[in-house]
Every structure is written in C-alpha cells, then in structure tokens.
Amino acid sequence: MTKHAREIRDLFATASLGAPENAIGFVLWRLVHRYQREIDRALTAVDLTHLQFTILTLAAWLGRFGEAVSQADLARFGDVQPMQVSHMLKTLEEKGMVDRPRSQSDVRAKRIVVTSSGLATLRRALPIAIDVQRRLFGVEGSPGGSLLDALIRLDSEHSIDPKR
C-alpha cells in the first residue's frame with residue numbers, strides 16, 4: 001500500500017464516520033435523487049415534472065380555503081428558490097393549470113389560482129406520486145410511519161409556518 005493510500009485510509013478511519021453509508025447526509029442525498037428520478041419518470045404520464053407537480057400541489061393546498069396565494073407564499077412554504085417558483089408558475093400557466101391575475105391589494109404581485117385543468121391534473125398526479133412514495137419508502141414513509149414521523153420532527157425544527 002502506498003503512503004498516499006495509507007493517508008486516505010487513515011483520514012477515513014479518524015476524521016469520518018467510517019464509510020459513506022454511515023453518513024445520513026450521503027444516504028439522504030442518494031434517496032432524494034432516487035425519489036426525484038422515479039417521480040419525474042412517473043409524472044410524465046400527466047405532463048409534469050416533480051417541481052411543477054410540487055408547485056401545483058402547494059398552490060392548491062395553500063389556496064384550499066379560498067385564501068389568496070402568492071409566489072412568495074409558495075417559495076416560503078415549499079422552501080424553493082423564488083426564481084424557480086416563477087419559472088414553474090410560468091410553465092404551469094402556459095399549460096393552463098394556473099392563472100396569475102394581479103393582486104387587488106398589491107399591483108406588483110400576482111395571485112396564484114389553480115384552474116379546473118390544474119385540479120384535473122392533480123386528481124391524476126396525486127395517486128401517481130403516492131404510488132412512487134409507497135414503492136420507495138414503504139409503510140415507514142406513510143402517514144404515521146416511523147420514517148415520515150422522524151422526518152417531520154426534524155423538519156419542524158426549521159419550519160416556516162407549521163400552521164399551514
């Protein structure tokens with residue numbers, strides 16, 4: 001074994017968790033990317049990407065009581081960069097899934113309204129997304145499951161608005 005290889009081995013023996021699979025960040029990174037690949041593939045059946053689906057779902061969720069929803073609301077609640085939200089909303093508007101009328105109270109802002117077409121797409125997309133989640137995360141990732149409960153608990157420490 002070369003000196004360089006010994007230095008690398010010693011580095012991992014003394015300054016790491018021993019192997020990549022012992023690091024939750026690495027395992028989460030792999031799972032998140034696997035989930036994104038799977039859900040992107042599955043959502044092609046309804047002409048959505050994962051991010052478009054997420055933004056459309058959040059717009060419907062936040063507007064479920066008839067409240068005005070803004071682009072900023074979506075960005076904050078979903079922890080998505082505002083520019084990404086803007087691009088996704090433009091695409092969803094072009095597809096006829098959302099409308100973005102000017103806000104009555106702030107002429108600089110637009111309200112986000114899910115259209116009938118958007119709701120119809122969500123009716124088809126939600127079961128697809130749930131199926132992907134069940135296949136990848138099993139019972140542990142279902143409501144009340146140990147994985148989902150642990151992730152919700154961890155996420156709540158950094159939650160933007162836990163009431164929504």
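**Close-up 1. Helix 3 meets helix 6.** The axes of helix 3 and helix 6 cross at roughly 115° and come within 11 Å; helices here are DSSP runs of H or I with at least four residues, strands are E runs of at least two, and both are numbered from the N terminus. Axes are lines fitted to C-alpha atoms, for helices over the stretch in contact, with angles from 0 to 180 degrees between N-to-C directions. This is a predicted model, in which local features need pLDDT of at least 70, side-chain atom pairs count only at pLDDT 80 or more, and totals for chains, interfaces and linings use all residues. Residues are numbered from 1 along each chain as its sequence is written, and side-chain values use heavy atoms, with hydrogens and water left out. The crossing of helix 3 and helix 6 is left-handed (the near helix is turned anticlockwise from the far one by less than a right angle; clockwise would be right-handed). Helix 3 brings F53, L56, T57 and A60 to the contact, and helix 6 brings G118, T121, L122, A125, L126 and A129; contact means heavy atoms within 4.5 Å. Sorted by class, the contact of helix 3 with helix 6 has 7 nonpolar, 3 polar and no charged residues (nonpolar: Ala, Val, Leu, Ile, Met, Phe, Trp, Tyr, Cys and Pro; charged: Asp, Glu, Lys and Arg; polar: the others, Gly among them).

Close-up 2. T121 is a residue of helix 6. T121 counts as buried because its relative accessibility is 7% (buried is under 20% relative accessible area, exposed over 50%, partly exposed in between, with a 1.4 Å probe and protein chains only). Leaving aside neighbours within four places in sequence, T121 touches V46, L48, L56 and M97.

**Close-up 3. Helix 2 against helix 6.** Here the axes of helix 2 and helix 6 come within 10 Å, crossing at roughly 145°. The crossing of helix 2 and helix 6 is right-handed. From helix 2, the contact takes in L31, R34, Y35, E38, I39, A42 and L43; from helix 6, A125, I128, A129, V132, Q133, R135, L136 and F137. The residues of the contact of helix 2 with helix 6 comprise 11 nonpolar, 1 polar and 3 charged.

**Close-up 4. Two rings, Y35 and F137.** A search of the whole structure turns up 1 aromatic pair. Y35 and F137 form this tilted pair, 5.8 Å centre to centre with 45° between the planes (rings of Phe, Tyr and Trp, its six-membered ring, pair if their centres lie within 6.5 Å; planes under 30 degrees apart are stacked, over 60 edge-to-face, the rest tilted). The pair links distant parts of the chain, 102 residues apart: Y35 in helix 2 (residues 24-43) and F137 in helix 6 (residues 116-137). Y35 counts as buried at 13% relative accessibility, whereas F137 is partly exposed at 22%.

Close-up 5. T115 lies in the loop between strand 2 (113-114) and helix 6. With a relative accessible area of 13%, T115 is buried. Beyond its neighbours within four places in sequence, T115 is in contact with G96, M97, V98 and D99. T115 and D99 are 16 residues apart in sequence, and their C-alpha atoms are 6.5 Å apart in space.

**Close-up 6. R64 over W61.** R64 lies over the face of W61, 3.5 Å from the ring centre; a charge sits over a ring if NZ of Lys or CZ of Arg is within 6 Å of the ring centre and within 35 degrees of the ring normal.
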